[in-house]
Amino acid sequence: MSDPDRRFMALALALGRRGRGQCWPNPAVGCVIVKNGRILGRATTAPGGRPHAEPQALAQAGKAARGATAYVSLEPCAHFGQTPPCSQALIEAGIARVVAPLEDNDPRVSGQGFAQLRDAGIEVVTGVLADEAARDLAGFFLKTEEGRPFVTLKLATSFDGRIATATGDSQWITGPAARRMVHAMRFDHDAVMVGGGTARIDDPSLTVRDLGVRRQPVRIVASRRLDLPLLSELARTAREVPLWLAHGPDADRALVEAWEGIGARLVCCGLVHGQLDLRSVLKELGALGLTRVLCEGGGAIAASLLANDLVDELVGFTAGVTIGAEGLPGIGALGLARLAEAPRFRLIETRAIGPDVLHRWARKER
Ligand code: AOF
Ligand code: ZN
């Protein structure tokens, strides 16, 4: 593995990350075409997942692609799906070498892309920045393997872990820089999810604002009984920005129809112990194509996700303010007796964001 290989692969990964939140149900892949150290083409999977990255980068390179190296952040696809296989496009363009970190776990590809390239006499190099690529594409891999999206749980809290005062005052605990970052996080995910309580109390819009974006993440509210206000920001904007409501099988038929009439998509999910089964909710969301979901609370849904071991990354914004024990806790009851049972995560980043602190934690392999 040479140094230029790492450098150009880092660029392919960065291009791929740029497409996250916009390519579902497909992975956001990056591709760079390089000859004699010069970049001839670069692309990201298009919004909506097609065209794939490789044909776009090849089109930029044109005839000059002959003899070049293609850096792709995932194994090129091998199947005739909605588009012809990228492996064939690379072969036909006369690419001499393909560098890709890891196999695509889609059963239609899974090693066959690499095999087709090798059969055509193309040198294939794998493993370059594989850990980074696996992290970037974790949502797509999880959806394919376990049928559920990657889940990020975000909490903006006081020093003592509260998200509001006892009267519900929560604006604002963290500063503008942290709040801007939350908008960037929304854009980086396929969907933003909250529980019914948060939807009722905060009347949120859950859209990405002030970043000049065209494509908005899907907004999801998990509410067993659909007892949500029909006069609300979410309802008002349901035809402009997708609004999906995950509800239980016992939700009132009239409410289901009312929300459908407003333009929401209704997703019926299973129950467990008289509550929405978050495992079932995520399965349904995975089946609908979502690869990355950002949960923004409140306490009940956060606790449910944690208790079911469904959180892949925690992102905390902590402010230098204390609210006290009567304040609203960011995470509801987990019913733990012993610390050994508490969900524990591995620290991956800390950073000051204006007057607040950002901390990110990854799920430990269990
Ligand atoms: C690539 N390059 O940029 C992406 C790939 O339904 P289709 O035909 O679009 O195929 C979707 C599958 O293609 C998807 O499940 C994944 O395996 C792969 N995505 N492959 O060569 C790309 N986005
Ligand atoms: Zn492809």
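**A chat about burial and a binding-site annotation**

Visitor: Hi! How much of the protein chain counts as buried?
Guide: Of its 366 residues, 44% count as buried. Keep in mind that this is a predicted model.

Visitor: How many helices and strands does the chain have?
Guide: There are 12 helices and 18 strands.

Visitor: Switching topic: which residues does the UniProt "binding site" annotation cover?
Guide: The entry, which is unreviewed, lists Ala156, Trp172, Thr198, Asp202, Gly298, Gly299, Ala300, Ile301, Ala302, Ala303 and Ser304. They span 149 residues in sequence, and the farthest two C-alpha atoms are 25.2 Å apart, so they do not all gather at one spot.

Visitor: Where does Gly298 lie?
Guide: Gly298 is in the loop between strand E14 (292–295) and helix H12 (299–307). Beyond residues up to four places away in sequence, Gly298 touches Val194, Gly195, Gly197 and Thr198.

Visitor: Is Gly298 buried or exposed?
Guide: Gly298 is buried: 25 other C-beta atoms lie within 10 Å, and the cut-off for buried is 20 or more.

Visitor: And Ser304, what's around it?
Guide: Ser304 is found in helix H12. Setting aside neighbours within four places in sequence, Ser304 is in contact with Gln275 and Leu278. Ser304 is buried too, with 23 other C-beta atoms within 10 Å.

Conventions. Residues are numbered from 1 along each chain as its sequence is written. Chains are lettered from A and ligands numbered from 1 in the order in which they are written. This is a predicted model: local features need pLDDT of at least 70, side-chain atom pairs count only at pLDDT 80 or more; totals for chains, interfaces and linings use all residues. UniProt positions are given in the numbering used here, feature names are shortened, and annotations may be inferred rather than shown by experiment. Helices (H or I, at least four residues) and strands (E, at least two) are DSSP runs, numbered from the N terminus. A residue is buried if 20 or more other C-beta atoms lie within 10 Å of its own, exposed if 12 or fewer, and partly exposed in between; C-beta atoms are placed from the backbone. Two residues are in contact if their C-beta atoms, placed from the backbone, lie within 7 Å.
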